[in-house]
Structures are given as structure tokens and as C-alpha cells.
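Trainee: Could you take me through one part of this model closely? I would like to look at the interface between the two chains.

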Number of protein chains: 2
Amino acid sequence: MTKPNPTACLLIIGNEVLSGRTRDANLQFLATRLGEIGIPLREVRVIPDVPAEIIEAVNATRKKYDHVFTTGGIGPTHDDITGECISAAFGVPWEAHPPTVAVMAEYYAGRGTEFNAARMRMATLPRGATPIANAVSIAPGYTIENVHVMAGVPRIMQAMFEALAPSLQGGNPILSHTVHARGIFEGQIAEGLSAVQARFPALDIGSYPFQQVDVPGSGGVALVAKGTDAAAVAAAAGEISALLRELGAAPVEGEPT
Amino acid sequence: MTKPNPTACLLIIGNEVLSGRTRDANLQFLATRLGEIGIPLREVRVIPDVPAEIIEAVNATRKKYDHVFTTGGIGPTHDDITGECISAAFGVPWEAHPPTVAVMAEYYAGRGTEFNAARMRMATLPRGATPIANAVSIAPGYTIENVHVMAGVPRIMQAMFEALAPSLQGGNPILSHTVHARGIFEGQIAEGLSAVQARFPALDIGSYPFQQVDVPGSGGVALVAKGTDAAAVAAAAGEISALLRELGAAPVEGEPT
């Protein structure tokens with residue numbers, strides 16, 4: 001029996017996602033990358049720019065999961081309150097971080113830009129935090145205990161995650177094998193698929209119908225076997241393909257295009 | 001003082017979103033539509049196909065919010081466990097719903113399709129639930145108390161929501177006014193914007209930087225005033241535009257394109 005993988009939770013902080021203004025683009029990136037490094041994402045919460053909500057969510061999830069990632073709210077404006085809230089959640093001061101102040105002061109001086117109070121907020125971190133320097137933004141993300149605080153802008157968030165990832169103690173990568181077939185309905189395959197799941201209890205077998213709206217009759221089902229055991233994933237996918245053939249369908253490797 | 005709006009929470013149920021396989025397409029639709037009918041979305045959770053997690057999330061959120069919407073997990077396969085979990089959360093039996101059984105039996109008979117055990121799962125509802133009949137899927141969503149259970153497939157979910165929406169007691173629509181300007185940074189406007197927020201405490205003033213990666217120098221800031229008071233939203237947007245002009249920028253109505 002292999003050691004179970006560490007787990008992750010993502011907190012997406014921002015009114016703009018809850019209002020529909022912004023379509024989140026970070027969940028899928030992090031879900032995929034975390035699966036690859038064996039720290040599967042187990043929960044996501046999207047929460048508003050409200051201190052009590054942020055503090056409660058950080059404290060609830062940092063106890064429950066091995067890693068908590070946050071996105072959003074670390075810029076210079078009044079609605080960027082993640083830093084204060086993380087500090088409050090940990091019960092530590094939110095204070096100027098001298099090495100970050102020095103790096104940012106040099107950066108702004110070199111551009112003739114004022115390092116004003118708003119920009120100083122981005123050099124202000126919870127006491128005990130370790131900055132996540134990155135190639136895209138001069139303002140860093142940071143880690144405090146098992147909480148990793150990142151930007152909401154996808155390009156910056158991705159740079160922060162990739163700077164952080166080598167330091168994370170990953171587990172076994174989550175392997176995935178997808179088979180799809182057209183002209184078959186979930187209601188036909190459900191019973192057989194349930195038996196496959198029962199034979200591979202350590203795997204996660206999923207069934208996802210698809211339909212091309214413009215092409216009548218082109219729909220079908222995509223079936224996914226996921227897990228950390230490569231042999232079991234391959235064996236389950238083989239059983240799923242056999243099941244599809246028994247039902248008269250033609251299984252095709254991969255997701256439908 | 002107008003009556004405060006009712007609030008909403010969305011539970012996205014499905015391993016496929018947490019693994020990165022599927023990019024959720026329901027959050028933004030529901031966020032936008034709920035804002036329009038004055039039941040703003042205050043929280044979203046994405047949770048796995050694990051009964052204890054689903055039951056806990058349903059019970060935590062149905063007490064906290066006026067409405068809880070769920071998407072996903074109401075199909076015929078073994079990983080579609082939302083119905084059992086909603087029943088367990090409410091402490092009621094999960095049982096065949098005779099009117100739904102009749103409608104579905106007639107539908108399948110008309111197509112010469114077997115109404116098998118897997119498909120019967122879709123006619124099995126928590127006791128006391130009211131089906132949400134819709135134009136797209138024969139299998140209904142349903143409402144039990146303040147929890148609205150919908151499909152994960154966006155086209156079906158949207159049909160269920162639109163069938164349900166007229167029966168929801170909405171509040172005041174959330175109005176939004178966006179102004180953007182290029183060649184300006186959040187660090188320049190933060191102080192003035194904070195003063196605007198302070199003058200309009202009932203509004204939600206947001207600042208969102210944008211950048212066209214391919215066009216250097218094309219970046220800027222989009223500033224959003226949101227609230228239920230049309231006069232206040234317009235006044236705040238006017239102050240934001242004036243602030244941008246003071247800083248030498250040229251405010252433009254709407255989101256950047």
C-alpha cells in the first residue's frame with residue numbers, strides 16, 4: 001500500500017468571480033498541475049472580499065487539508081484585503097517585510113515611479129511568511145505554514161505556482177485514462193460501469209456525457225479512470241472498452257474532440 | 001433603507017471539476033442571472049463525489065444562505081450520488097417519485113428504450129422534493145426547502161434554472177457600472193479609489209487590472225461600481241471617471257475589449 005497523497009484546497013477570493021464579472025481561470029490550471037505533482041485538489045471555495053468570510057474559510061480549510069492555495073486580493077487597492085485576513089487568521093501582525101520592501105523600492109526607483117502607500121501594501125506580509133519571488137510580478141506571493149497566497153491574475157498566479165511547486169512535497173501523480181464512444185447513453189452503460197468501479201475501489205471512475213449541439217446523434221459518453229496505480233488505471237480502462245464493445249459501441253481512446 | 005437582498009450559495013458537485021478534466025461553465029452563468037434577479041451569489045464550493053463531504057456542505061450552507069443551488073451528480077451512473085446525499089442531509093427517504101416515474105416511463109416507452117434501474121435513479125427524489133420540469137431533459141431537477149438541485153451539463157442546468165427562476169422571491173437587481181482606462185496602474189489610483197469606496201459604503205467598488213499580453217503598454221485598470229441603488233452607482237462611476245481624468249487618464253465606459 002502506497003502512502004496516501006497530500007491534499008489541497010483552493011480559496012478563490014474575489015467579488016468579481018461571485019458577481020459573474022470575471023470567469024475564473026485559475027481553478028482548472030491548479031487542479032491539473034496539482035494532480036500532476038500528486039497533491040490532488042479536494043475542495044474549492046469562492047468567497048467574497050469580506051474579512052470574516054476570508055478568515056473563517058482560511059482557518060477551516062488549513063486544518064482540514066495539507067495545503068491551502070489562495071488566489072486574489074494581494075494587489076494595492078482597497079479591495080485587496082487577503083494579506084490582512086491571512087494575518088488575522090494566523091493571529092500574527094501584518095507588517096512591512098524588509099527584503100521585499102528593498103526589492104520593490106529598487107524596482108520603482110529604477111522606473112521613476114513613486115513607491116507610495118498603496119504599493120507598500122504589496123510589501124506588507126503576515127509575520128513569518130516566506131515570499132514567493134516569481135518572474136512575472138515584482139510583488140511576491142507568499143507561504144505561511146501550509147497556506148500559499150497567490151495573485152488572481154492568471155499569468156502572475158501561474159508564475160508564482162511554478163516558482164513554489166519545486167518546494168512542495170508532492171505525492172504520486174494522478175494518472176488518468178479516458179475512453180469515449182458515440183451513440184451510447186449513460187443509462188445503458190451505468191450498470192456495467194458500476195461493476196468496474198466496484199472491482200477497482202481505489203480508482204475514481206467517472207462518466208461524462210457529451211453532445212455536439214450542432215450535430216444531431218453525435219453525442220456519447222466519455223469514461224475516465226483515475227488513480228495513482230498505473231496498472232490498475234490501464235486495467236480499468238481496458239474493462240471499460242470491453243464493456244462498450246459488448247454494448248455495440250466503438251470505444252475510442254481519449255476525450256472526444 | 002430597502003430590504004436586504006436574499007443570498008445564494010452554489011455547490012458544484014463533481015470530481016471532474018476538481019481534477020481539472022472539466023472547466024466549470026455554470027458558475028458564471030448563475031452568478032450573472034442571480035445578480036439580475038437580486039439574489040446575489042455569496043459563496044461557491046466545488047466538492048468531490050464523496051457522500052460525507054456533500055452532506056456536510058449542504059447542511060452548512062442551507063442554514064447560512066437563503067438559497068443553495070447544486071449542479072452535478074443527478075444522472076444515472078454510480079458517480080451520480082447527489083440525490084442520496086441531499087436526502088441524507090435532510091434526513092428524509094430517497095424514493096421513487098410517482099409523477100416523475102410516469103413521465104419518464106412514457107418517454108422511454110415512446111422511444112423503445114428500456115426504463116432500467118440506472119434510469120430509475122433519475123426518477124428517485126428526496127421525499128418532499130418538488131421537480132423542476134424543463135424543456136431540455138426528461139429527468140427533472142428538484143427543489144427541497146431552500147435547496148435547488150440541478151444538472152451539471154450547462155444546457156440542462158440553464159433550462160432548469162430558467163424554469164425555476166420565476167418561482168424565486170428575488171430582491172433588487174444588482175446594478176453595475178464599469179469604467180476603464182489604459183496606461184494607468186492600480187498603484188496610482190488606489191488612494192483616490194479608496195476615498196470613493198468610503199463615500200459609497202453601500203456599494204461594492206472593485207479594481208481589476210487588465211493587460212493585452214501581445215500589445216505592450218496597452219494595459220490599464222477596469223473599475224466597477226456595483227449595488228442596488230441606481231443613483232449611487234451612477235454617482236460613484238462619475239467620481240471614478242473624474243479621478244481618472246485628474247490622473248491624466250482617459251476614462252472609457254464599459255469593460256476593455
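Mentor: Happy to; here is the interface, from its overall extent down to single pairs. This is a predicted model, in which local features need pLDDT of at least 70 and side-chain atom pairs count only at pLDDT 80 or more, while totals for chains, interfaces and linings use all residues. Residues are numbered from 1 along each chain as its sequence is written, chains are lettered from A in the order in which they are written, and side-chain values use heavy atoms, with hydrogens and water left out.

In chain B, 56 residues are in contact with 56 residues of chain A (heavy atoms within 4.5 Å). Together the chains bury about 4,500 Å², 50% of it on carbon and sulfur atoms; buried area is the accessible area (1.4 Å probe) that two parts lose on being put together, summed over both. Arg21(B), Arg23(B) and His78(B) supply 16% of the area that chain B buries against chain A, more than any other three residues.

The rule finds six salt bridges across the interface, each a side-chain nitrogen of Lys or Arg within 4 Å of a carboxyl oxygen of Asp or Glu. Glu53(A) and Lys64(B), for instance, form a salt bridge through their side chains at 3.0 Å, N to O.

Strands take part too: E2 of chain A (residues 41-47) pairs with E2(B) in the antiparallel sense over three bridges. Here strands are DSSP runs of at least two residues, numbered from the N terminus, and two of them pair if DSSP finds at least two bridges between them. Within this pairing, Arg45(A) stands opposite Arg45(B).

Definitions and conventions:
Helices (H or I, at least four residues) and strands (E, at least two) are DSSP runs, numbered from the N terminus.
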